[in-house]
Amino acid sequence: VQDEGGHGLYLYSAAETLGTGRDEMLEALHSGKAKYSSIFNYPTLSWADVGVIGWLVDGAAIMNQVPLCRCSYGPYSRAMIRVCKEESFHQRQGYEALLVMMKGTEEQKAMVQDAVNRWWWKCLAMFGPPDADSPHSAQGMRWGIKRVSNDELRQKFIDATVVQAKVLGVTLPDPDLKWNEERGHYDYGQIDWQEFWNTVEGNGPCNKERLSTRVKAHEDGQWVRDAAQAYASKQKERASKEAA
């Protein structure tokens with residue numbers, strides 16, 4: 001939790017260099033105007049979900065974020081370097097947890113497979129819509145912010161994950177998943193983009209819960225921000241008196 005909170009701070013700090021204040025960005029988040037990754041709007045139903053999120057969700061995030069470490073905007077690329085280092089630990093931790101569970105009881109193995117079934121397609125959607133339907137990809141590529149297309153990143157993730165799944169002993173829930181010798185990549189089935197866009201637009205299973213929890217936490221923490229501001233003001237006033 002501490003790492004993920006830190007990632008948010010890195011990225012908000014990078015965004016502030018473009019001239020937008022932190023309060024303004026938080027207001028956009030709390031009002032629903034600002035978007036965040038669709039993957040955060042799904043529930044975790046079992047302990048195996050924790051491992052699968054580490055393996056697949058963080059694995060997809062790493063695949064997406066590593067190219068950003070060399071993007072054209074310095075504050076963003078520097079933030080991504082640190083984020084990727086920490087995410088790589090999360091990914092390994094999740095995978096190792098699943099390896100242990102897959103050596104356990106039949107119930108534990110079934111729990112892991114169930115979690116993989118529920119998260120696989122959602123993780124593929126994390127890379128964004130197909131390149132032809134992505135509203136911001138072309139501009140991001142022109143500016144050098146985005147360095148690899150959605151479809152390329154998704155394909156790299158699938159190719160890498162199939163091998164990991166075999167080692168783990170789970171089945172990826174896609175009957176169309178098979179090696180294409182001519183392409184040198186795995187073919188895969190159709191992603192449910194209607195579900196993806198429905199979640200992005202705020203109608204996923206946990207959108208309202210996630211946002212209301214975030215707003216409540218912000219409101220409940222107002223006294224901490226007020227106290228910090230009061231302390232800073234007193235320190236500034238004391239320093240001014242001593243200087244005089």
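The structure is a predicted model, in which local features require a pLDDT of at least 70 and side-chain atom pairs count only at pLDDT 80 or more, whereas totals for chains, interfaces and linings use all residues. Residues are numbered from 1 along each chain as its sequence is written, and side-chain values use heavy atoms, with hydrogens and water left out.

The secondary structure of the chain consists of 10 helices and 2 strands; helices (H or I, at least four residues) and strands (E, at least two) are DSSP runs, numbered from the N terminus. Their order along the sequence is α-α-α-α-α-α-α-β-β-α-α-α. Taken along the principal axes, the C-alpha atoms fill a box of roughly 75 × 45 × 30 Å. The chain has 244 residues, of which 37% count as buried; buried means under 20% relative accessible area, exposed over 50%, and partly exposed in between (1.4 Å probe, protein chains only). Among contacts (heavy atoms within 4.5 Å) in the chain with a separation of 6 or more, 73% join residues 24 or more positions apart.

Two helix pairs may now be considered. Two packed helices are described by the angle between their axes and the distance between the axes. Axes are lines fitted to C-alpha atoms, for helices over the stretch in contact, and angles run from 0 to 180 degrees between N-to-C directions. The axes of helix α3 (residues 47-65) and α5 come within 9 Å and cross at roughly 30 degrees. In this pair, α3 residues including W47, V52 and W55 meet α5 residues including M111, W119 and C123. The contact of α3 with α5 comprises 15 nonpolar, no polar and 2 charged residues. In this classification, Ala, Val, Leu, Ile, Met, Phe, Trp, Tyr, Cys and Pro count as nonpolar, Asp, Glu, Lys and Arg as charged, and the others, Gly among them, as polar.

Helix α4 (residues 74-101) packs with α7 at an angle of about 35 degrees, their axes being 10 Å apart. Q91, Y95, L98 and L99 of α4 and Q164, V167 and L168 of α7 make this contact. By class, 5 of its residues are nonpolar, 2 are polar and none is charged.

Helix α8 (residues 193-203) has W193, F196, T199 and G202 as its buried residues. The buried residues of α8 pack against α5, α7 and α9 (207-220).

The whole structure contains 10 salt bridges, a salt bridge being a side-chain nitrogen of Lys or Arg within 4 Å of a carboxyl oxygen of Asp or Glu. One of them joins the side chains of E16 and R22 (3.1 Å, N to O). E16 is partly exposed, with a relative accessible area of 31%, and R22 is also partly exposed, at 25% relative accessibility.

Another salt bridge joins D114 and R118 (3.1 Å, N to O). These residues are separated by about one helical turn because they lie 4 residues apart in helix α5 (residues 106-125). D114 is partly exposed at 37% relative accessibility. D49, D114 and R118 are linked in a network of salt bridges.

In helix α7 (residues 150-168), D151 and R154 are 3 residues apart, so about one helical turn separates them. D151 forms a salt bridge with R154, with the closest N and O atoms 2.9 Å apart. Here D151 is partly exposed, with a relative accessible area of 28%, whereas R154 is buried, at 1% relative accessibility.
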